[in-house]
Amino acid sequence: MDNKQLNELLKKYKRYSDGDTSCKFELKIEDENIDTFDFRKYDLNNSFFVGDVFELCDFTNVYLSGSYFGGSKFVKCIFVNNTLRKAKWNAISFDFVQIAALDAMRVEFFDSKFIDSNFSDSSFLKCAFDGSSFDSVIFKNCDFQNTSFKDCKFNNVFFFECSMINCDIDRKCDGIHFINPK
């Protein structure tokens with residue numbers, strides 16, 4: 001699928017999500033490579049992506065609640081000021097991704113991989129990262145509450161000025177560094 005075709009699908013979905021019931025439309029995209037696409041003017045709530053690869057895409061200000069991105073990969077993408085509620089992003093991969101001002105609640109990130117990525121000024125409420133691996137990841141000024149990191153693997157992961165309230169995480173793991181915790 002090229003960017004023009006994707007743009008047309010997203011326009012249809014936006015009309016429907018904006019309340020135009022004359023064109024009922026579900027956004028389902030599977031096993032596609034999506035490169036250098038600007039998602040900023042679209043709403044991806046309740047969208048369905050499986051096994052897609054997103055490279056150099058901008059998701060700034062995109063509403064992502066209820067979305068499903070199972071098995072997808074994000075490479076050098078940008079997420080800024082996103083709302084992510086009751087979503088399933090299992091078995092995803094974030095490689096060299098920048099995330100800022102993410103508001104995540106009840107999101108599943110089971111069995112995912114986070115590599116050379118940065119999270120800042122974000123909140124994670126009742127999220128689950130169980131079974132995920134983190135390699136060279138930075139969390140800065142993030143708030144975690146009732147979030148699970150069961151059976152996660154950490155290598156060179158830094159939590160700068162983050163708060164962790166009632167979280168399941170092994171603070172003694174050699175690969176984790178907590179700096180100026182809140």
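I am working from a predicted model, and every value below is computed from it.

**Entry 1: isoleucine 78**

I began with isoleucine 78, which is found in strand S6. I then looked up its bridge partner in S9, which is glutamine 98. The two strands concerned, S6 and S9 (residues 98-100), pair in the parallel sense, and I found three bridges between them. I also took a C-alpha to C-alpha distance from isoleucine 78 to asparagine 3, which came to 17 Å for a separation of 75 residues in sequence.

**Entry 2: the sheet that contains S6**

Which strands make up this sheet, and in what order? I read the order as S6-S9-S12-S15-S18-S20, six strands in an open sheet with parallel pairing. Its edges are strand S6 (78-80) and strand S20 (176-179), each of which pairs on one side only. Between neighbouring strands of this sheet the average turn is 10°, with direction ignored. As background, I reminded myself that strands of a sheet pair through backbone hydrogen bonds, either parallel or antiparallel.

**Entry 3: strand S18 and its two neighbours**

I next went through strand S18 (residues 157-160), where Val157 and Phe159 belong to the covered face, while Phe158 and Phe160 belong to the uncovered one. On one side, strand S15 (residues 138-140) runs parallel to S18 and is joined to it by three bridges, and here lysine 140 stands opposite phenylalanine 160. S18 is also joined to S20, again in parallel, through four bridges. In that pairing, the partner of phenylalanine 158 in S20 is histidine 177.

**Entry 4: a sheet of seven strands**

I then turned to another open sheet, which has seven strands in the order S2-S4-S5-S8-S11-S14-S17 and parallel pairing. Strand S2 (33-35) and strand S17 (153-155) are its edge strands, since each pairs on one side only. From one strand to the next, the twist averages 5°. Within this sheet I looked at strand S5 (residues 73-75) and strand S8 (residues 93-95), which run parallel and are joined by three bridges. Valine 75 stands opposite aspartate 95 in S8.

**Entry 5: two residues with positive phi**

Most residues other than glycine have a negative phi, and with that in mind I wrote down two residues that depart from it. Lysine 76 is not a glycine, yet its phi is positive, at about 55°. Its place is in the loop between S5 and S6, and with 46% relative accessibility lysine 76 counts as partly exposed. Alanine 101 likewise has a positive phi, near 55°. This alanine lies in the loop between S9 and strand S10 (103-105), where alanine 101 is partly exposed with a relative accessible area of 31%.

**Entry 6: the cavity**

How many cavities of 30 Å³ or more are there? I counted one, and the space in the largest cavity is about 50 Å³. Its lining consists of Phe79, Leu84, Trp89, Phe94, Ile99, Leu102, Phe109 and Phe119. Sorted by class, these come out as eight nonpolar residues, with no polar and no charged ones.

**Entry 7: strand S19**

Is serine 163 buried or exposed? I located serine 163 in strand S19 (residues 163-165), and its relative accessibility is 10%, so it counts as buried because the cut-off is under 20%. The side chain of serine 163 makes a polar contact of 2.7 Å with the side chain of aspartate 143.

Isoleucine 165 is found in strand S19 as well, but with a relative accessible area of 46% isoleucine 165 is partly exposed.

How values were computed: Residues are numbered from 1 along each chain as its sequence is written. This is a predicted model: local features need pLDDT of at least 70, side-chain atom pairs count only at pLDDT 80 or more; totals for chains, interfaces and linings use all residues. Side-chain values use heavy atoms; hydrogens and water are left out. Two strands pair if DSSP finds at least two bridges between them. Axes are lines fitted to C-alpha atoms, for helices over the stretch in contact, and angles run from 0 to 180 degrees between N-to-C directions. On a 1 Å grid over the protein atoms alone, a cavity is a set of points where a 1.4 Å probe fits but cannot get out, and a pocket is an open set with protein on both sides within 12 Å along at least five of seven lines; lining residues have an atom within 4 Å of a point. Grid points are joined across faces, edges and corners, and a volume is the space filled by probe spheres set on the points. Ala, Val, Leu, Ile, Met, Phe, Trp, Tyr, Cys and Pro count as nonpolar, Asp, Glu, Lys and Arg as charged, and the others, Gly among them, as polar. Buried means under 20% relative accessible area, exposed over 50%, partly exposed in between (1.4 Å probe, protein chains only). A polar contact is a pair of N or O atoms within 3.5 Å; within protein, one must be able to donate a hydrogen and the other to accept it, and residues adjacent in sequence count only if both atoms are side-chain atoms.
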